[in-house]
Amino acid sequence: MFLDEQEQFLSYNGEVIIFQLSKPKSVEGAADKTMDLCAKRMAFNRDTKLFVQKSSGVFSMRASHFKIEIICCSSTTDSRTGIILPCILIKKKKRNNVVKYLLFLLHSSNQFEQSFHFKLDYELKEDIRLFTGPSVLWRHANKLFYISSNTCTVLSAPVQLSSVVWTGEIEGEGTVVLGIRTACLPESEDEDEFSTSDRAIWGSEFFGYAIETQKMLPSTCFMPHAYSRVVSSVYVCKNEILKKQLRISLVAVTRKNQLIWFQDGFPKGVCELPYEEPHSVKTAVTSSNDLLFIVSFASGNICVVQRRDSLQVASKWQKVKSVLVDDFVGSGSEQLLLLFRDDSNTDALSTFKITDLGEVDYGNGINYKYDVPAAEGLQENGLLTVRALETRLQAGCTSVRELQQHLRLKKRVILESCRALIDLVEERPHILPTANEVKCKRGCRSLLNEGLVSLWDDVENPPRSLSKESASASRVPEHFTEKLWQRVVGDSLVVGVKLTESFYLSLSDVSLSLVMDQDSSSISPIIECRNKIIKLNKAFSASADSSCQIEPPPKKMKLDLHSKNHLKKEFPKRCSRVRLDGAKTVIAVTDLSPLLAFHRVRCIVLLHAKKQKRQNDNLQESKKITVVCGKILLSLEDISDGKYSVKMLRDNSYCTGSMEDILAALAVSVRFSFQIISTDCTLTPVNSWLLGEMECTPFKECHDNIFCHKAGNVHGTVFNWTLKNPFEGVLTLFCRNLSVLFQCLHSLTRVLPPSCDVKLLRSGTRGVLAEQLALALEKEMLAWRSSFFSKESKTENSLTWGNEPGKNISDAPVASLLASEEGVQQFRKKLQNEREESVLSMNQMMNGALYREIALKIAEAQLSSDMIVWKLS
């Protein structure tokens, strides 16, 4: 039987290890005295709600002429294996005041291993810490000493200190000691003025010392020096190096009974503690992802502080023997194990409490008068809150499951629709699943179980009209496409389709779609992309109007700004001397990186357009058509080899980029136009700036536009400089982003005369916009007039008059009607009928379809004029 003398508690991998020093009964005839170091592993049983012993280990030591004590225990990393093991520091004191210290490691087999030992002529009493190695650190006579298993020699750090408040690992620095010392004011003036004055006022300062590198760390990233007089313990919650700067989050307890939260050296929150003399703080992360701060006091009391919107005391306990933090119940998060003092019971784990201030709450043999709530009614309110939250959580889980089931249903419908779309554009029949096949599928079986109706009927022969319409929709006789090409610019894939001169449809209703030509049930085959339409003349007017251009906030309808008249009005000089080329290009831009996840991907390129047919009543009947332009293949090998890269090289003062390269560069760029006016001198410096400082060369394909070859962010910017007269010109830039634009403008303003006026143009000059506004207002007036006449013709045919067809009041001679009394009555009756018909004609009505057509036509005309007015404002 053992006679218990000392014991220490340590949490390790969800277990509680009890270290005990005990001596066995004296054995008769034994000459030497021995002392046993025993370790018992205890685990919590959730069924019995008690701690049970799993295993134990014993190490015997000679105790003759020695007084043996346990100094401290901790879990540290063994530098030989990198495994965290329990370790314990033992003191052997001889009668001649020579003190021997032994550090033991406890392995999983419960075998003790003596890591190292050392002798001192004094006892360790102040700031004893165990850390990686294993190593031991302590403070004596205001000096810092440490020893590790690698050196087995006591070393001294070249620092003077009054206390150690924290020891731990810092990223990039290894083991770091945070301490307090007498202020050492710098002689140089390079030090921080505020930090120097802070230290001078308080007379003490924080310092950080890295053990491995033996260097001092900037202490201001921990706490201001003003707290050095009151802080007693610190716990670093998080440390990281961000943008080559050390970022630290920590909590500190002070002798003023406060807990303070610091972020990067600045206090972010403070909480008043309920007891006096706090001496240590540790943290726990609970199942609800709450961060708890456990503060221990010299009186044996414990309090827990929660950090949510602010720091506040959540609970507190008295007469606590030890507090441990670990996952004792196996829930995957941390809990607090409180061991209470109970003189009536010798079992170490007889009186305990396991809690995370939430769902986990186990206790045994607790006198709950020690479990004092932090505030009046806090625990009761907390229990009611938890129950209400549990009810809401269950209802929320049910809603989430229903939403997930609904999303799975929508995903199956979308994927089947995409497969049908692919079959349609490739002109092959798509076989819809029958009702029997749907029942057999796992996904669609849930539809039947949920009482939903299947989207696909088991009709073997579809209606004849439907099949004919599908066949005619998939076969489009027109050949609108001339060339299909692709380019890779940065992280964007650019796909272009050059339209033929026979393409007569409105460009405002033209777009491209990319459909992945591979069967994948996990993603949608439709690729999200942005569309741009570019119509160029042979001199490359750079009119790249996008369907997603910036519009005034209340306007959302897409405008047709790509007609020849629009280009002629926007660029009158160039279009007057150069004949417009009929070639137009539709471009789709999409993100490249998601496609590279497939290594090789083949996409079908679809051209969408709206075909309009003019009828007798001047109204248009629209019909959407889809044309298969071809397929593109994209692979990592081709991209790595630069097969689709944009090549802009210099060749005899020209840029050799092809028309496809130019269009790709423009497609991923943003266009900005600036009107430059100089009143004092000519604008010749602009051209010199472009050719000189910006290192620009004109395109071989179009000389009016020049490409910037200058190294840096501005490389790849396209410029267009047009002089209206020697004192006024328009500079157009096609750049990747606003940062590049600002750099170009900053460089330009340094060469322009101070009197120059630079103004951003939303679309062309004011003169061009005024002409466009006049044309738009004329078009709006014609729309109103044509709509009125079409309404008259429609209503005349749709109304039924009261008199018979072909008869009128003027059919009979008026004189003959007025000759007799009956004639007068007949004339009066017909006059009354005519008056009623006149009133009826003024309250004419039309059908809804006609009204919608008229309203849409007028709204489009008004939108065009409003857009130009917004640009002029």
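I began with helix H10, residues 659-667, and found it mostly covered, with eight of its nine residues buried. I take buried as under 20% relative accessible area, exposed as over 50% and partly exposed as in between, with a 1.4 Å probe and protein chains only. Helices (H or I, at least four residues) and strands (E, at least two) are DSSP runs, numbered from the N terminus.

I noted that this is a predicted model, in which local features need pLDDT of at least 70 and side-chain atom pairs count only at pLDDT 80 or more, while totals for chains, interfaces and linings use all residues. Residues are numbered from 1 along each chain as its sequence is written, and side-chain values use heavy atoms, with hydrogens and water left out.

**Entry: Asp661**

I listed the buried residues of H10: Glu660, Asp661, Ile662, Leu663, Ala664, Ala665, Leu666 and Ala667. Which side chain meets Asp661 in a salt bridge? I found Arg487, at 2.6 Å from N to O. A salt bridge here is a side-chain nitrogen of Lys or Arg within 4 Å of a carboxyl oxygen of Asp or Glu. The pair links distant parts of the chain, as Arg487 sits in strand E30 (residues 481-489) and Asp661 in helix H10, 174 residues apart. Arg487 counts as buried at 16% relative accessibility, and Asp661 is buried at 7%.

**Entry: other salt bridges**

I got a count of 21 salt bridges by this rule. Lys93 forms one with Glu123, where the closest N and O atoms are 2.5 Å apart. Lys93 lies in strand E6 (residues 84-93) and Glu123 in the loop between strands E8 (112-120) and E9 (126-131), so the pair ties together parts 30 residues apart in sequence. Both ends are partly exposed: Lys93 has a relative accessible area of 25% and Glu123 one of 22%. I also saw that Lys67, Glu69, Lys91, Lys93 and Glu123 are linked in a network of salt bridges.

Next I checked Asp127, which forms a salt bridge with Arg139, the closest N and O atoms being 2.7 Å apart. Asp127 belongs to strand E9 and Arg139 to strand E10 (residues 135-140), so this pair joins parts 12 residues apart in sequence. Arg139 is buried, with a relative accessible area of 11%.

**Entry: nonpolar cores**

I define a nonpolar core as a set of buried Ala, Val, Leu, Ile, Met, Phe, Trp, Tyr and Cys residues joined through side-chain atoms within 4.5 Å. The largest has 38 residues, and Phe19, Leu37 and Trp138 have the most contacts inside it. Strand E7 (residues 99-106) gives the most to this core, with seven residues. Apart from it lies another core of 26 residues, among them Met516, Leu595, Val601 and Val605.

**Entry: hairpins and a sheet**

Two strands pair if DSSP finds at least two bridges between them. Strands E18 (residues 245-254) and E19 (residues 258-263) pair in the antiparallel sense over five bridges, with Ala252 partnered by Ile260 in E19. They form a hairpin with three residues between them, and Asn257 in the turn has a positive phi of about 60 degrees. E19 also pairs with strand E20 (residues 266-272), antiparallel over six bridges. Trp261 stands opposite Gly269 in E20. This hairpin has two residues between its strands, and Asp264 in the turn has a positive phi of about 55 degrees.

Last, I looked up an open sheet of four strands, in the order E25-E26-E27-E28, with antiparallel pairing. Its edge strands are E25 (320-326) and E28 (361-364), each pairing on one side only.
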